[in-house]
Amino acid sequence: MSHPSPAPLDLLLLPTWLVPVEPGGVVFKDYGLGVRDGKIALLAPRDEALKHPATQVRELPDMLLAPGLINTHGHAAMTLFRGLADDLPLMAWLQQHIWPAEARWVDEAFIRDGTDLAIAEQLKGGVTCFSDMYFYPDVASQRIHESGMRGQIAIPILDFPTPGARDANEAMRRGVALHDDLKHHPRLSVAFGPHAPYSVGDDKLEQIRILVAEMDACIHMHVHETAHEVEEALQKHGERPLARLARMQLLGPRFQAVHMTQISDEDLALLVEHNCSVIHCPESNLKLASGFCPVERLWEAGVNVAIGTDGAASNNDLDLLGETRTAALLAKAVCGSATALDAHRALRMATLNGARALGLSDCTGSLEIGKLADMVAFDLSGLAQQPVYDPVSQLIYATGRDAVRHLWVGGKQLVEDHQLTRMDENRLIATAREWGARIAAADRA
């Protein structure tokens, strides 16, 4: 009895190098990757792959095919505040500049245009999935839906009124409604984003604990961003912020602790015990002089460490490849070891570890059969990449985001030959300039 042959592949990619990320440390030379129905259906040596019929075959000479990058922390629409208040310490930056600017400017139109700008920048930089923690999350979710990207929407919750929410209760109500609307969405998920331990009281944290348990949702929170935050908590409450969150039963495998520049032995034990993920944002931490996350120490202890850019107002870009290079170099200096966070582990941090932090590691973050075809092709043919001994080292240490040639999310191509396929780049630039002119004129007035 003959078996029916499988349907043709929708797409067969033939790169020079393929880095699956899982298993770790592996580079396949002259392999093919086949996509069917938005998922990876074939991984095989080139000659074997070419035996499989495919609707479209793409040669990718001198290109490294990798999982799409995952930016696990940011405030997307803050692209419109890029460079507005530079070279200031965190609390002065927030209280004297960013919060007043947000109060004046942030509305649904601001979120729409700023999120579109962030999506386009990230796609052109190799990012296929990102976490967004900002106001009017329903508007941001619409923009991500339209773009074809994958995303986590973290509902911002603070103890004071914010754009789009009169108080924390309204923010939570809206978050629950958005979660219900999107629970079957193929590319979007909703998390709850209590801003930070110093800006959300115990009563609201308890409400969030109950909500996320009922909804099986993630918690995304700035924690231990600065030494001042920890010292103030000790003075006011007699305990470190992470210990308070543990006491309130908020920690767990779906807790995403953003920044974590201050980590004591007790903090590390809590992160390990509760299997939390740490989201490392090295360039924002450097720029705001917030401190250094001890990445290698966390990694050696078994903590899942992912990477995020933070918002463009404090970075000032959403360049996750550049962020990963900074993370790798910084880890070596902080640890005092040149072997800390090698290139392959750095790439893992920007892909599979990010997927794990967002609860998506079963479906994305690595190039494995059955996973979604979220992929990026980096062109390593340039002058600055020669000669190529180890393509992953070359990617992390010698390559910029301008090497992103093609990008797919769920098998759909969103960047082709450096160009966005669904978005009008010139229109995005013109709109951003209009916002910049209005905001600058108001600030001078």
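Trainee: Leaving aside neighbours within four places in sequence, which residues is Ile153 in contact with?

Mentor: In this predicted model, Ile153 is in contact with Asp132, Pro137, Ala140, Ser141, Ile144, Leu178, Leu188, Ser189, Val190 and Ala191. The residue is found in strand β8.

Trainee: Why is Ile153 called buried?

Mentor: The term buried is applied under 20% relative accessible area. Ile153 has 1% relative accessibility, and therefore counts as buried.

Trainee: What is the separation of the C-alpha atoms of Ile153 and Ala103?

Mentor: These C-alpha atoms are separated by 21 Å, and the two residues are 50 residues apart along the chain.

Trainee: How do you know that β7 and strand β8 pair, and in which sense?

Mentor: Two strands count as paired if at least two bridges are found between them. β7 and strand β8 (residues 150-157) have 4 bridges, in the parallel sense. Within this pairing, Asp132 stands opposite Ile153 in β8.

Trainee: Which residue stands opposite Cys129 in β7, and how many bridges join strand β6 to β7?

Mentor: Ile70 stands opposite Cys129. Strand β6 (residues 69-71) pairs with β7 over 3 bridges, again in the parallel sense.

Trainee: What makes strand β7 largely enclosed by the rest of the structure?

Mentor: In strand β7 (residues 127-132), 6 of the 6 residues are buried, so the strand is largely enclosed by the rest of the structure.

Trainee: Why does His179 count as buried rather than partly exposed?

Mentor: The limit for buried is under 20% relative accessible area. His179 is at 15%, so this residue counts as buried. His179 is found in helix α5 (residues 168-182), and, apart from neighbours within four places in sequence, is in contact with Val190 and Met215.

Trainee: How do you know that the buried residues of α9 line one face of the helix?

Mentor: The buried residues in helix α9 (residues 265-274) are Asp267, Leu268, Leu270 and Leu271. Seen down the axis of α9, the buried residues fall within an arc of 160 degrees, so they line one face of the helix. Asp265, Glu266 and Glu273 are exposed on the other side of α9.

Trainee: What do the buried residues of α9 pack against, and which residue follows the helix?

Mentor: They pack against α8 (241-247), β12 (277-280) and α11. Asn275 follows α9, with a positive phi near 55 degrees.

Trainee: What makes Arg348 and Glu22 partly exposed?

Mentor: Partly exposed lies between the limit for buried, under 20%, and that for exposed, over 50%. Arg348 has a relative accessible area of 21% and Glu22 is at 29%, so both fall in that range.

Trainee: How do you know that Arg405 and Asp417 meet in a salt bridge?

Mentor: Their side chains meet at 2.7 Å, N to O, and the limit is 4 Å. Arg405 lies in strand β15 (residues 404-409) and Asp417 in the loop between β16 (412-416) and β17 (419-420), so the pair ties together parts that are 12 residues apart in sequence.

Trainee: Where do Glu206 and Arg209 lie?

Mentor: Both lie in helix α6 (residues 202-215), 3 residues apart, which is about one turn of the helix.

Trainee: How many salt bridges does the structure hold, and which residues are linked in a network?

Mentor: The structure holds 25 salt bridges. Arg82, Glu121, Asp319 and Arg401 are linked in a network of them.

Trainee: Which residues make the nonpolar surface patch, and what makes Phe292 partly exposed?

Mentor: Leu286, Phe292 and Val334 make the patch, of about 250 Å². Phe292 counts as partly exposed because its relative accessibility is 45%. Patch residues need over 30% relative accessible area. Phe292 lies in the loop between α10 (282-287) and α11 (295-301).

Notes
Residues numbered from 1 in each chain as written. Predicted model: local features only at pLDDT ≥ 70, side-chain atom pairs only at ≥ 80, totals over all residues. Heavy atoms only, no water. Patch = residues over 30% accessible without salt bridge, like charges linked within 9 Å, V, L, I, M, F, W, Y side chains within 5 Å. Areas by Shrake-Rupley, 256 points an atom, 1.4 Å probe, with all protein chains shown as cover. Helix = DSSP H or I, 4+ residues; strand = E, 2+ residues; numbered from the N terminus. Buried < 20%, exposed > 50% of the residue type's maximum accessible area, 1.4 Å probe, protein only. Contact = heavy atoms within 4.5 Å. Arc of directions from axis to C-beta.
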